[in-house]
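Student: I have a model open and would like to understand the words used to describe it. Could we go through them together?
Tutor: Gladly, let's take them one at a time.

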Amino acid sequence: VTFVPVIMRRLNRKKALKVVTELDAFPKVPESYQVKTSQGGTVSLLTFTLIAVLVVSEFMYYRSVVYKYKYEVDADIESELMFNIDVVVAMKCSYIGADLLDLSGTTHMSSADKGFQTEDTFFEMTEAQRQWLQKRKELYNLHEEWRSLKDEQIDNYRLVHTPMPKRSATDFSPNKHPDACRVHGTMNIKKIAGNFHITAGKAIPHPRGHAHLAAMIPKQEYNFSHRIDHLSFGNAAIGTLNPLDGEMKVTTERNQMFQYFLQIVPTSFAFAGGSSYSANQYSVTHRERVIDHSGGSHGVPGIFMKYDMSAFTVIITQERQPFGGFLVRICGIVGGIFATSGMLHSFIGFIFDIIFCRKKKETGSMSPDPTRTGSSLVNTEPASLTADMGMSGSDSLRLTTAEQ
């Protein structure tokens, strides 16, 4: 009696295993029924090669970094940002004035203790400076599309944050006086539109802004050829390309006006490791013309940089591909290629079988029939059979002909 439950459990287990076996969607074919051909081996080799190439490329894509961009309205309008400038003008420092004026009426003038500072220098560059400028131009030419606000990230370029090499003591010739002025410095400004300009004459303040004493400067001393070594807003951003860094303009006109129109866009970076920082990108367009009042071209000769803040902020997030998605794509690649290659191999084999079978039938129909000699028919019935049926040879021949 005690063995009955054990036997029943074994029977139920066998029934369960039988049901599971019936549900097998992957039936196995014995090796004795498998036929291996050279065509199948060739297809298998091509299939494995394609799978290996796609898996490697998918792994490289999984290791890559993806940048996602999001745009929001900039609600931070009370804070200030830094204005960083380093420009060399082909005029003596005593002949020019540099200052910044914003829409609120605030004026920032050049001074020795704060704001923008002036320094006598040479407009002609040293060999190291020329090489720096040439590399900078090559970088801009290779990545001109990265001047847009969307694709400003540049990886593996140390030159982006390498400043212009400074002149050493041996670079100053004792027999040659400085012919240029370097205007550089950092100033905290409000997040509103403003105008930084360099023109002839020192700036003097007055109730409605400021004015430049240009009447005391001889016209033959005017030369607003310039080189912008650096111009940025806020802190330096990793891998960011400032459009005006390395910009150089040379003119032979005395009354030349250079205008730069800058659009500043606050940008936030969030890396995959968790770190983040904020910066300010900007796009720029420029215009230059000769001031000729008699010809209708009015204005003041000089260098004018007009900037304005964008109402939107860009949030750039660095993300990596999830491991689960990588596994799903790998399974899709392997399974898809195996299924597709199997179907293609079967279809090509089917086409070849049809072609070769048709050729065999055509060849067989053209070969002579061994049972026929000319137009006469041969009696294939055994003699004993005709004798037993009581038929003569002619009767047997007629019967055979009728049956055929």
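Tutor: Keep in mind that this is a predicted model. Let's start with a facing pair: serine 268 stands opposite isoleucine 315 in β15.

Student: What makes strand β12 and β15 a pair, and in which sense do they run, parallel or antiparallel?
Tutor: Two strands pair if there are at least two bridges between them. Strand β12, residues 256-270, and β15 have four bridges, so they pass that cut-off, and their sense is parallel.

Student: Which other strand pairs with β15, and over how many bridges?
Tutor: Strand β1, residues 65-73, pairs with β15, residues 312-320, over nine bridges in the antiparallel sense. In that pairing, valine 65 stands opposite arginine 320.

Student: Let's stay in β15, where threonine 313 lies. Why is threonine 313 called buried?
Tutor: Its relative accessible area is 11%. Buried means under 20%, so threonine 313 is buried.

Student: How do you know that threonine 313 has a polar contact with proline 266?
Tutor: The backbone oxygen of proline 266 lies 3.0 Å from a polar atom of the threonine 313 side chain. The limit for such a pair is 3.5 Å, and 3.0 Å is within it.

Student: What else is in contact with threonine 313, leaving aside its neighbours within four places in sequence?
Tutor: Besides Pro266, the contacts are Thr267, Lys70, Tyr71, Glu72, Val73 and Asp74.

Student: Now for methionine 187. Where does it lie, and why is it called buried?
Tutor: Methionine 187 lies in strand β6, residues 180-190. Its relative accessible area is 14%; the cut-off is under 20%, so methionine 187 counts as buried.

Student: Which residues does methionine 187 contact beyond its neighbours within four places in sequence?
Tutor: They are Leu81, Met82, Phe83, His108, Gly115 and Phe116. As for isoleucine 85, its C-alpha atom is 8.8 Å from that of methionine 187, and the two residues are 102 apart along the chain.

Student: What do the values for the whole chain say about contacts and burial?
Tutor: Among contacts between residues at least 6 apart in sequence, 80% join residues at least 24 apart. Buried residues make up 32% of the 404 residues.

Terms used: Residues numbered from 1 in each chain as written. Predicted model: local features only at pLDDT ≥ 70, side-chain atom pairs only at ≥ 80, totals over all residues. Heavy atoms only, no water. Helix = DSSP H or I, 4+ residues; strand = E, 2+ residues; numbered from the N terminus. Buried < 20%, exposed > 50% of the residue type's maximum accessible area, 1.4 Å probe, protein only. Contact = heavy atoms within 4.5 Å. Polar contact = N/O pair within 3.5 Å; in protein donor to acceptor, adjacent residues only side chain to side chain.
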